[in-house]
There are 2 protein chains.
Amino acid sequence: MSESMAPIERHSLHDVVTERIRDMIVEGAYPPGSRLPERVLCETLGISRTPLREALKVLASEGLLELAPNRGARVAGLTADDVDELFPVMGALEALSGELACARITETVLAEIRALHYQMVLHHTRGERPPYFSLNQQIHEKILEAARNPTLTAAYTNLSGRIRRARYTANIAASRWAQAVREHEEMLEALAERDGPRLAEILKRHLHNKCETVKAALAAIE
Amino acid sequence: MSESMAPIERHSLHDVVTERIRDMIVEGAYPPGSRLPERVLCETLGISRTPLREALKVLASEGLLELAPNRGARVAGLTADDVDELFPVMGALEALSGELACARITETVLAEIRALHYQMVLHHTRGERPPYFSLNQQIHEKILEAARNPTLTAAYTNLSGRIRRARYTANIAASRWAQAVREHEEMLEALAERDGPRLAEILKRHLHNKCETVKAALAAIE
DNA sequence: TTGTTGAATTTTGCATACAATTTTGTATGC
DNA sequence: GCATACAAAATTGTATGCAAAATTCAACAA
């Protein structure tokens with residue numbers, strides 16, 4: 001994005017509200033299936049119903065909410081079938097991001113990713129989950145950014161929001177965790193060698209494994 | 001989905017309006033970049049501003065409109081750069097749809113696609129473009145349907161809506177047209193042999209060529 | 001107890017009203 | 001003539017009001 005001109009970001013109320021509710025849902029503030037009465041949200045956010053309803057419509061079109069006519073909004077649930085549907089699509093998009101990133105990444109960004117990676121590895125060896133997951137996500141975001149395709153980024157971000165990361169990252173098995181770190185090491189190698197097809201393959205595999213982890217976490221919750 | 005119970009589709013006004021405006025934009029009723037004042041749309045559709053604004057927010061989140069704070073809605077334009085962004089993503093999604101379709105398609109649906117295909121070929125030999133394009137799109141939709149992944153279908157449909165306007169007006173060159181038909185023949189072969197990777201490769205190539213066609217059409221319009 | 005009926009309450013859908021911002025048009029100065 | 005300044009009109013953003021639908025809950029019957 002341009003940094004020379006100050007991007008005067010004038011946020012309308014409905015935009016701010018959309019983002020806030022989206023964050024709340026993604027972070028698991030409301031359990032799946034729970035109702036979100038307009039009145040409650042209005043009071044919580046200190047706004048009227050008009051901008052709130054505009055936000056709800058957008059979030060529903062993103063698949064984060066389910067709107068039933070005359071029955072209000074519910075937080076969309078996530079079944080194992082939903083996950084089986086989501087992950088192949090996310091896998092295809094991440095694979096593409098890997099291919100594009102290999103073609104377009106700069107040494108600077110690669111160095112940034114490398115730094116993030118080794119910091120992440122450190123947190124793994126220490127068994128510190130929250131910072132590990134934070135760095136993990138940052139790395140994937142950096143790769144997406146390196147692909148320089150906002151449409152791709154938007155599509156991926158939209159789908160990934162539906163997984164509601166916060167809920168499922170808490171309990172990862174040690175064996176799967178170690179495997180994920182190994183996959184990340186392979187990713188770094190492929191990126192350094194600008195080996196697009198290999199990175200694509202690794203990312204697809206990585207996502208597939210993540211899919212199983214999320215499904216296991218889902219089953220554990222029930 | 002359940003088909004035993006009648007799926008009572010109760011359309012809210014904002015839903016109907018969203019769909020109508022979306023169709024109007026996709027079919028080119030409003031030129032790209034043109035303003036869409038709320039007052040005009042309200043009078044055209046015979047509704048008040050509340051449901052209209054909800055529809056506009058959704059269409060903007062789909063990328064069909066651009067909303068500037070306090071400045072209203074404009075029909076999103078489509079630059080060559082946008083097309084270069086869109087097609088790799090659509091290519092990745094279509095490739096996935098091909099792989100999944102090969103794994104899941106039934107003989108019945110394959111027969112339907114075959115019928116559509118040969119009808120399409122007929123229109124090609126006769127030089128009849130509109131019915132050709134219609135059948136072409138139907139075939140791609142059938143493949144998506146055969147993949148049985150609504151999330152994938154939704155993601156693809158969303159992106160494809162942004163370029164459909166260009167596709168309508170596309171004056172395809174005879175040489176490219178023949179090439180497209182050959183690619184479709186390959187697709188049918190790969191589907192019949194349930195050769196997922198090959199179908200994925202063909203579709204990716206097909207989309208890449210389509211990208212160039214659309215860019216040429218865009219350049220011709222300007 | 002359990003299930004059903006129906007009125008009261010709540011909640012949603014849409015329209016309208018008001019405030020804030022932008023756009024338009026006109027007059028004035030150079 | 002051209003640019004600027006300012007007022008008027010139009011447009012958008014938000015809040016509120018009212019009608020329709022759904023939910024709740026209490027009374028009643030089996």
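A salt bridge here is a side-chain nitrogen of Lys or Arg within 4 Å of a carboxyl oxygen of Asp or Glu. By this rule, the count over all chains is 30 salt bridges. The model is predicted.

**Confidence in chain A**

The average pLDDT of chain A is 92. In that chain, 94% of the residues score at least 70. Residues 1–8 of chain A stand apart: pLDDT stays under 50 there. For this stretch the model has zero contacts beyond four places in sequence.

**The interface of chains A and B**

Chain B brings 25 residues to the contact, and chain A brings 25 residues. Together the two chains bury about 2,200 Å². Of this area, 62% lies on carbon and sulfur atoms.

Charge pairing also features. Side chains of opposite charge can pair when their charged atoms come close. Four salt bridges cross the interface of chain B and chain A. Glu54(A) takes part in one with Arg53(B), at 2.9 Å from N to O. That pair runs from helix α3 (residues 49–61) of chain A to helix α3 of chain B. Glu54(A) also meets Lys57(B), here at 3.9 Å from N to O. Why does the pair of Lys57(B) and Glu54(A) count as a salt bridge? Its N to O distance is 3.9 Å, and the rule asks for within 4 Å, so the pair qualifies.

Polar contacts between chain B and chain A come to seven residue pairs, both residues at pLDDT 80 or more. Which helices of chain B each supply at least two residues of the side that touches chain A? They are α3 (49–61), α4 (80–104) and α7 (150–169). α4(B) gives the most, with eight residues. By class, this side of chain B holds 11 nonpolar, six polar and eight charged residues.

**Two domains in chain A**

Nine residues of domain 1 are in contact with seven residues of domain 2. Between them the domains of chain A bury about 640 Å², with 59% of it on carbon and sulfur atoms. Val26(A), Pro32(A) and Glu62(A) supply 53% of the area that domain 1 buries against domain 2, more than any other three residues.

How many salt bridges link domain 1 and domain 2 of chain A? The count is zero. The side of domain 1 that touches domain 2 has five nonpolar, two polar and two charged residues.

The two interfaces can be set out together.

| Interface | Buried area | Share on carbon and sulfur atoms |
|---|---|---|
| Chain B and chain A | about 2,200 Å² | 62% |
| Domain 1 and domain 2 of chain A | about 640 Å² | 59% |

**Backbone angles in chain B**

Two arginines of chain B deserve a look. Arg148(B) has phi near 50 degrees, a positive value in a residue other than glycine. It sits in the loop between α6 (129–147) and α7 of chain B. Phi of Arg194(B) is positive as well, near 55 degrees, again in a residue other than glycine. Arg194(B) lies in the loop between α8 (174–192) and α9 (196–221) of chain B.

Terms used. Residues numbered from 1 in each chain as written. Chains lettered and ligands numbered in written order. Heavy atoms only, no water. Contact = heavy atoms within 4.5 Å. Buried area = accessible area lost by both parts, 1.4 Å probe. Polar contact = N/O pair within 3.5 Å; in protein donor to acceptor, adjacent residues only side chain to side chain. Helix = DSSP H or I, 4+ residues; strand = E, 2+ residues; numbered from the N terminus. Nonpolar A, V, L, I, M, F, W, Y, C, P; charged D, E, K, R; others polar. pLDDT = per-residue confidence, 0-100.
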